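Hello,

Here is the structure we spoke about. My notes follow below it.

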Amino acid sequence: MRLCPCFGDGNTEQAAVADRDPVLLVSGMGGSILNSKPKGFGVTTRVWVRLLLADLEFRKKIWSIYNPKTGYTESLDKKSDIVVPQDDHGLYAIDILDPSWFTKCVHLTEVYHFHDMIDMLVECGHKKGTTLFGYGYDFRQSNRIDKLLDGLKHKLETAYKASGGRKVNIISHSMGGVLILSFMTLHKDLFSKYVNKWIALACPFQGAPGCVNDCLLTGLEFVEGFESYFFVSRWSFHQLLVECPSIYEMLPNPKYEWKKQPEILVWRKLTKDGDISATLESYGPVESISLFEEALRHNELNYNGKLISLPFNTAIFKWASGTREVLCNAKLPDGVSFYNIYGTSFDTPFDVCYGSEKSPIEDLSEVCQTLPQYSYVDGDGTVPSESAKAYKSRQIDGYGFRCEYLERIYDRI
């Protein structure tokens with residue numbers, strides 16, 4: 001008997017849920033809420049993403065330094081831990097990244113991450129906690145570090161058991177695909193046991209050259225214009241990213257046969273016999289390491305009155321090179337379907353240039369205070385299509401991952 005049209009027939013709903021394979025949504029770089037949890041007594045506060053006092057809280061709580069002994073990036077604030085909220089079966093952390101009443105009132109779409117997809121999947125018959133789960137994680141860390149891989153394993157096990165032993169369909173976004181690829185390679189048996197399909201959205205399989213190269217040199221701005229005054233500054237981001245293994249792992253793959261090698265270009269000032277001229281220097285994926293080392297040699301931050309040196313981190317780069325070897329050895333297990341959905345028709349940074357012929361750079365450390373100029377290729381605005389397509393797969397060409405296409409893509413798969 002159907003008692004209320006708002007709730008529907010209970011038996012029908014149960015049958016619909018039972019007919020759905022479980023879905024696990026995996027976020028990418030910056031795509032998870034991060035909270036600061038005091039180690040003693042105190043109030044847990046959201047430090048990423050937030051608008052009110054965003055830059056101040058970011059510097060106090062999230063600024064970090066890499067520990068080569070453990071392989072983890074650790075917060076400079078020793079009185080608290082950075083944690084990812086697990087509410088709503090992991091979906092809360094990747095839904096609306098600033099779930100404050102103000103953000104919801106003005107519908108600030110920049111922080112509506114997996115929100116539309118979650119709504120779509122629920123409308124398609126998925127039930128949170130039974131056939132729909134989320135995995136947010138500390139995106140500062142390496143994509144092959146134990147804590148992240150163990151967390152992913154736990155989510156897959158939970159989804160598998162909650163749905164009655166049905167294999168899981170993973171939908172990953174951007175860097176989340178690198179995490180999945182690492183898990184698939186290092187835990188192939190578990191991947192085969194728990195995974196039915198993997199759907200990768202805009203994964204930087206061979207790196208994101210323009211964006212990541214510039215992240216290490218000048219930082220990152222998630223929003224532009226007037227709204228940027230309420231968000232984390234480019235420089236504050238820069239000081240974090242220099243110590244993030246995840247960023248180093250998305251540097252352009254030097255062993256990949258690019259149609260054109262990505263470059264960092266620097267206009268350098270030359271003085272000879274009193275004459276001043278400018279020359280354009282070029283750094284490919286291999287040569288750029290020497291540029292990073294030279295440009296960041298004086299980089300430092302002031303944390304609670306203490307100066308902390310943050311040069312290009314060679315220990316992280318060595319670890320990231322190991323991750324790249326893991327990714328290069330990836331092979332899709334038999335019985336698992338893979339779908340690669342990538343964005344096209346957006347100008348996407350590829351080469352990045354600092355200085356100009358009229359205003360050349362004398363010392364490479366000046367690069368870090370210089371706004372970049374990009375040359376663009378086809379992609380989704382961050383990941384070049386060439387990189388996103390560079391994994392042998394069954395590809396669905398022509399689709400971006402804008403909301404209006406998601407249901408059509410999911411039905412097709």
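Buried means under 20% relative accessible area, exposed means over 50%, and partly exposed lies in between (1.4 Å probe, protein chains only). By that scale K128 is partly exposed, at 33%.

The model is predicted: local features need pLDDT of at least 70, side-chain atom pairs count only at pLDDT 80 or more, and totals for chains, interfaces and linings use all residues. Residues are numbered from 1 along each chain as its sequence is written, and side-chain values use heavy atoms, without hydrogens and water.

Salt bridges

The structure holds 15 salt bridges. The term means a side-chain nitrogen of Lys or Arg within 4 Å of a carboxyl oxygen of Asp or Glu.

- K128 pairs with D88, 3.2 Å from N to O. The two are 40 residues apart, and the pair links distant parts of the chain. D88 is partly exposed, at 34%.
- E325 pairs with K255 at 2.8 Å, N to O. These two are 70 residues apart, with E325 in helix α12 (residues 314–328). Helices are DSSP runs (H or I, at least four residues), strands likewise (E, at least two), numbered from the N terminus. E325 is partly exposed, at 35%, whereas K255 is exposed, at 63%.
- D55 pairs with R59, the closest N and O atoms being 3.0 Å apart. Both lie in helix α2, four residues apart. D55 is buried, at 19%, and R59 is partly exposed, at 30%.

Sheet

Three strands form an open sheet in the order β3-β2-β6, with antiparallel pairing. Pairing requires at least two DSSP bridges between two strands. Four bridges join β2 to β6.

Best wishes
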